[in-house]
Amino acid sequence: MPTLDDLPREVLYEILSHLSPVSASVPSLCRHAFSALFLSSRSLHSAVESYSLHLLTKLSLAFPSSPRARLKAPYTRTYLRHAHMRCRFCDRRTRCVARVFNDVRCCRRCDTRWEGVTMTDARAEWRLGRDELLARCRWGTYMVHSVRATMLLEEDVMALARERHGDLDAWIEKRTDKWKERYRVRKEARDKRQRLRDRDAAA
Ligand SMILES: [Zn+2]
């Protein structure tokens with residue numbers, strides 16, 4: 001039965017490329033797939049080390065001023081520590097994670113690349129349920145004023161809103177017309193009550 005050891009190095013590297021992202025939420029880097037493979041066999045140890053060196057080289061070229069991206073053996077450990085502590089997009093040292101993707105290490109500046117919408121706004125603006133938003137959209141949580149809030153990816157929310165309501169411009173216009181009509185009816189009732197009160201006072 002073929003094993004990972006038997007795979008051509010190119011195929012193995014392709015697999016490792018999918019395993020290489022380091023989740024910011026892992027409690028210990030020992031749980032990363034690279035750590036397990038590193039200890040599995042001599043050939044996998046060699047493959048993971050080579051691929052980690054490749055990743056570190058790419059980081060060194062992309063971010064030459066980054067001190068942590070230097071090529072220091074064992075490369076697997078150096079890469080895992082580096083990826084766990086630095087923004088995935090600009091390589092700045094940070095303890096933050098992306099608001100929508102909580103497992104992605106991301107500085108506050110780079111976090112603006114994803115437009116987010118809060119759960120409260122998504123529900124109020126698009127009349128969508130909490131459960132369907134959580135089930136159908138990508139989301140994460142973040143702390144604001146000591147309260148944990150939910151942030152949804154705006155493009156997913158818009159896609160869900162389009163699925164529910166069709167043409168969103170037409171839906172907003174229809175909703176606005178309904179509000180105007182409701183306001184007109186309430187104002188008429190209020191004016192009528194006021195006229196009755198005025199008449200009773202005059203009598
Ligand atoms: Zn960044």
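Let's start with a helix. In this predicted model, helix α5, residues 119–126, lies across β1 and β3. Its direction runs at about 80 degrees to β1. A further helix, α7, covers residues 154–165 and packs on the sheet. Helix α7 also touches β1 and β3. Its direction makes about 65 degrees with that of β3.

Now the sheet itself. It is open and has 3 strands. Read across, the order is β1-β3-β2, and the pairing is antiparallel. Which strands stand at the edges? They are β1, residues 116–118, and β2, residues 139–144. Each has a single partner strand, so one side of each is left without a neighbour in the sheet.

Look at one pair up close.

Next, the cores. In soluble globular proteins, nonpolar side chains tend to be buried together. Here, the largest nonpolar core has 17 residues. Those with the most contacts inside it are C106, A122, L133, L152 and V157. Where do its residues come from? At least three come from domain 1 (1–107), and at least three from domain 2 (115–166).

Take C106. Leave aside its neighbours within four places in sequence. Then C106 is in contact with C87, R88, F89, C96, V97, A98 and D111.

Finally, there is a second, separate core of 16 residues. Among them are F38, A47, Y51 and Y75.

Methods:
Residues are numbered from 1 along each chain as its sequence is written. This is a predicted model: local features need pLDDT of at least 70, side-chain atom pairs count only at pLDDT 80 or more; totals for chains, interfaces and linings use all residues. A nonpolar core is a set of buried Ala, Val, Leu, Ile, Met, Phe, Trp, Tyr and Cys residues joined through C-beta atoms within 7 Å. A residue is buried if 20 or more other C-beta atoms lie within 10 Å of its own, exposed if 12 or fewer, and partly exposed in between; C-beta atoms are placed from the backbone. Domain bounds come from an automatic or database domain assignment. Two residues are in contact if their C-beta atoms, placed from the backbone, lie within 7 Å. Two strands pair if DSSP finds at least two bridges between them. Helices (H or I, at least four residues) and strands (E, at least two) are DSSP runs, numbered from the N terminus. Axes are lines fitted to C-alpha atoms, for helices over the stretch in contact, and angles run from 0 to 180 degrees between N-to-C directions.
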